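Please look through the sequence and the coordinates before reading on.

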Amino acid sequence: VIGMPRGDKKLGEKKLIQRIRRAAGGGNSVVAGIGDDCAVLRVPPGHEMLVTTDFTIEGVHFRRDWHPPEVVGRRCLTRGLSDIAAMGGEPRAAFLSLAVAGDIPQKWVDRFLEGLLGLAKEFRVPLAGGDTAQSMEGIQADIVVVGSVPKGEAVLRSGANAGEHIYVTGELGGSAAALARLMESKAVRAGDSQHFRPQARVAVGQWLRRRGVVSSMIDLSDGLSTDLAHICEESHVGAEIQAQAIPRARVGKTFVDLDFALHGGDDYELLFTSAAAVPSEVAGVRVTRIGRMTRSSGMRLIGADGRRRRLPASGWEHFR
Ligand SMILES: [Mg+2]
């Protein structure tokens, strides 16, 4: 399934495919992986398939002068794993299509794969196929993650009801705040921000689904205000959240501004609704109640002064 680029098969590209093939490994769900025309996947009896696809584009999602290649690889796969997490699913296999311009050093690609495959190993998700090609300029990667969930149990965005609690995992705004610092030409060390090591909350998503305590869920890729608006829209309800309750991330030792936590994307935490009281820690991850769903439509933010104001959905735009 890992195909060859059209034209000359350069040694580097051959090596790349061999490398992926060696490192990819198998898994219970992969009947046949790299080396045939298609991968053959086995879904456990009584399960439904989940499929998600996400771009990682140089200049849009990362910059080579800001992001080490391993981080780009990790973040690329995290985008897919996080979508599976948001459905309460189990990731089963990943597929990578990678287009790289001729002037990109082989070393960069090797390190990108190291990051991606290292994370795949952590989650026991085999890389079961993909494609490589030469791009006109820069690097473009597309990750596909296939997962599964017991029939009828996928957690959708459309299940929220008025009166239910709104929860988030982890801390928010760290990724956008780190990017903002980089844009101001300030240094951000890798250890200073989750931006460089995002965690797909697969175990949390599964725990919530198994316990039957989650009515709707989404992963925070566009930012809290935008992703909460998606739940409101799909569930035909409104929401109000308390500014002071939102768990803010830190960059270094400094807590990020509220705006980053409200509107900053790329945190890959989970946002979900529940009629039940959910523990403050699930699968080792902090869980915080930030508000409730309302019958009246639209979103409102309750400030420290107790005043309600309209909360617009304003998502994060990468690097702009
Ligand atoms: Mg998503």
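## Basis of the values

This is a predicted model, in which local features need pLDDT of at least 70 and side-chain atom pairs count only at pLDDT 80 or more, while totals for chains, interfaces and linings use all residues. Residues are numbered from 1 along each chain as its sequence is written, and side-chain values use heavy atoms, with hydrogens and water left out.

## Overall form

The protein chain has seven helices and 16 strands, taken as DSSP runs numbered from the N terminus (helices H or I, at least four residues; strands E, at least two). Its radius of gyration over C-alpha atoms is 20 Å, close to the 20 Å that the globule rule (2.2 Å times the number of residues to the power 0.38) gives for 320 residues, so the chain is as compact as a globular protein of that length. Along the principal axes, the C-alpha atoms fill a box of roughly 65 × 50 × 30 Å. Of the 320 residues, 52% count as buried, meaning under 20% relative accessible area with a 1.4 Å probe and protein chains only.

## Metal site

The magnesium ion is coordinated by Asp 83 (OD) and Asp 219 (OD) at 2.0 to 2.1 Å; donors here are N, O and S atoms within 2.8 Å of the metal (3.2 Å for Na, K and Ca), and as water is not among the atoms, sites may look incomplete. Asp 83 belongs to helix α2 (residues 69-86) and Asp 219 to strand β8, so the pair ties together parts that are 136 residues apart in sequence. Both Asp 83 and Asp 219 are buried.

## Strand β8

Strand β8 (residues 216-219) is covered on both faces, with Ser 216 and Ile 218 buried on one side and Met 217 and Asp 219 buried on the other. It pairs with strand β12 (residues 270-274) in the antiparallel sense over four bridges, where pairing requires at least two DSSP bridges. Ile 218 stands opposite Leu 271 in β12.

## Cavity

On a 1 Å grid over the protein atoms alone, a cavity is a set of points where a 1.4 Å probe fits but cannot get out, and lining residues have an atom within 4 Å of a point. The largest cavity has a volume of about 80 Å³. Ten residues line it, and the closest to its centre are Thr 56, His 61, Arg 75, Cys 76 and Arg 79. The largest share of this lining, four residues, comes from α2.

Key
Buried < 20%, exposed > 50% of the residue type's maximum accessible area, 1.4 Å probe, protein only. 1 Å grid on protein atoms, 1.4 Å probe; cavity = no way out; pocket = protein on both sides within 12 Å on 5 of 7 lines; lining within 4 Å. Points joined across faces, edges and corners; volume = space filled by probe spheres on them.
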